[in-house]
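Here are my notes on the model, written as numbered points. Please keep the structure open while you read.

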Amino acid sequence: MADGDDYAFDFLAAGATLGGVLAEDRGRFERRIARAKAKEYPRRSPEAWTKANYAASGLVDHLRETVPDLIPRIDAASMSEQEFANVYERGSKPVVVCSLMSTWPAVSEGRWTIEALLRTHAEDRFKVGEDDDGYAVYVKLKYFVRYMLETKDDSPLYVFDSSFAEREGTRALRSDYALPRFFTDDLFKLVGERRRPPYRWLVLGPERSGSYIHIDPLGTSAWNALLAGHKCWACFPPGAPKEALQPPRHEGGREAIAWWAHVYPMLLDSVDPHLRPLTVIQRPGETIAMAQRSARRLSAPSCAPSTLPISVAPALK
Ligand SMILES: O=C(O)CCC(=O)C(=O)O
């Protein structure tokens, strides 16, 4: 209640518009974002957020123009579940599937455009990170959208929310999409909804935000559907050594943007084919699928991705 936000009358509560959000009190917006940043990165000074000045560096435009599309695209209608499992799942091959989500209300009824989400969820909070004690850090959508449009941060905050489908205000979003038929095989279902680890995420971020190179936990395979914007991916085959993909002390630290700026260019020229990034720029309407089924290599990177929205991108993982 320090600055009155919690009891102020909020004219945006029902049916916010982008224009309305941008016209709201700037001070309050800035305090909300600063508070989230301080919770998630308590040791980072406000100036450190823009130290590398990636926003003005042209890096994202350079990636947009040069990153090659090396991951194959298939049309969903052209393939049976069986064929998909044989080729891409068992073969542990990343693939981009087109036309998987055209019937989702999120798409067909336009429910997940930024404007539509603001109309329904401007006052709802989404998770942008965790503090040092593991508590979720939330920001209201109306503040986050404004931040996406204005930020010059090197590696901006990124909504990565695994409980949107359980919280009262945002639960309805779950009925805006459907589980695609290629991904129904789900062993964690067997332990029950309450005991299974997080398995669905709503992801929303501005240019330069993203996920540092990683392997998904517990040997899981992921699909990632992109509703708007473009997202740049790099994947590596099983057997690629971790020290090369995540050099211990490279410039910029463990941020996706720093990986693209400093590690990606080194790997491009690798003689070892395991180290050559398999890249793609995912477009709106496309779903990328990455299987992680390589039974004898559980601890080795099996298709480790780093992602970078290269324009504002709401997605589902
Ligand atoms: O969407 C992203 O930025 C990251 C997704 C991710 O971590 C993954 O699919 O492994």
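1. Start with burial. A residue is buried if 20 or more other C-beta atoms lie within 10 Å of its own, exposed if 12 or fewer, and partly exposed in between, with C-beta atoms placed from the backbone. Helices and strands are DSSP runs numbered from the N terminus: helices are H or I with at least four residues, strands are E with at least two.

2. Know what you are looking at. This is a predicted model, where local features need pLDDT of at least 70 and side-chain atom pairs count only at pLDDT 80 or more, while totals for chains, interfaces and linings use all residues. Residues are numbered from 1 along each chain as its sequence is written.

3. Now the overall picture. The chain has nine helices and 12 strands. It has 317 residues, and 36% of them count as buried. Two residues are in contact if their C-beta atoms, placed from the backbone, lie within 7 Å. Take the contacts between residues at least 6 apart in sequence: 80% of these join residues at least 24 apart.

4. Look at helix α2, residues 26–40. Its 15 residues reach 21 Å from first C-alpha to last, close to the 21 Å expected at 1.5 Å a residue. The expected span is 1.5 Å times one less than the number of residues.

5. Which residues of α2 are buried? They are Phe29, Arg32, Ile33, Ala36 and Lys37. Seen down the axis of α2, these buried residues fall within an arc of 130 degrees, so they line one face of the helix. The arc is that of the directions from the helix axis to the C-beta atoms.

6. Next, α7. Eight of its 10 residues are buried, so α7 is largely enclosed by the rest of the structure. The buried ones are Leu141, Lys142, Tyr143, Phe144, Val145, Arg146, Tyr147 and Met148. Their cover includes α1 (18–23), α2, α6, β3, β4 and β5 (159–161).

7. How do α2 and α7 meet? Their axes come within 10 Å and cross at roughly 90 degrees. The two helices are therefore roughly perpendicular to each other. Axes are lines fitted to C-alpha atoms, for helices over the stretch in contact, and angles run from 0 to 180 degrees between N-to-C directions. Angles under 35 degrees count as roughly parallel, over 145 as roughly antiparallel, 65 to 115 as roughly perpendicular and the rest as oblique. Phe29, Arg32 and Ile33 of α2 meet Tyr143, Arg146 and Tyr147 of α7. This contact has four nonpolar, no polar and two charged residues. Ala, Val, Leu, Ile, Met, Phe, Trp, Tyr, Cys and Pro count as nonpolar, Asp, Glu, Lys and Arg as charged, and the others, Gly among them, as polar.

8. Compare the pairing of α6 with α7. Helix α6 (residues 114–121) packs on α7 (residues 141–150) at an angle of about 155 degrees, with the axes 10 Å apart. That makes α6 roughly antiparallel to α7. Ile114, Leu117, Leu118 and His121 of α6 make the contact with Leu141, Lys142 and Val145 of α7. By class, there are five nonpolar, one polar and one charged residues.

9. Pick out Leu118, found in helix α6. Is Leu118 buried or exposed? Leu118 counts as buried, with 20 C-beta neighbours inside 10 Å. Setting aside neighbours within four places in sequence, Leu118 is in contact with Ala16, Thr17, Leu18, Val21, Leu141, Lys142 and Val145. Leu118 and Val145 are 27 residues apart in sequence and 8.4 Å apart in space, C-alpha to C-alpha.

10. Check two serines. Ser92 has a positive phi of about 50 degrees although it is not a glycine. Ser92 sits in the loop between α4 (81–89) and β2 (95–98). Ser92 is partly exposed, with 18 other C-beta atoms within 10 Å. Ser99 has a positive phi near 60 degrees, and is a residue other than glycine. Ser99 lies in the loop between β2 and α5 (105–108). With 14 C-beta neighbours inside 10 Å, Ser99 counts as partly exposed.
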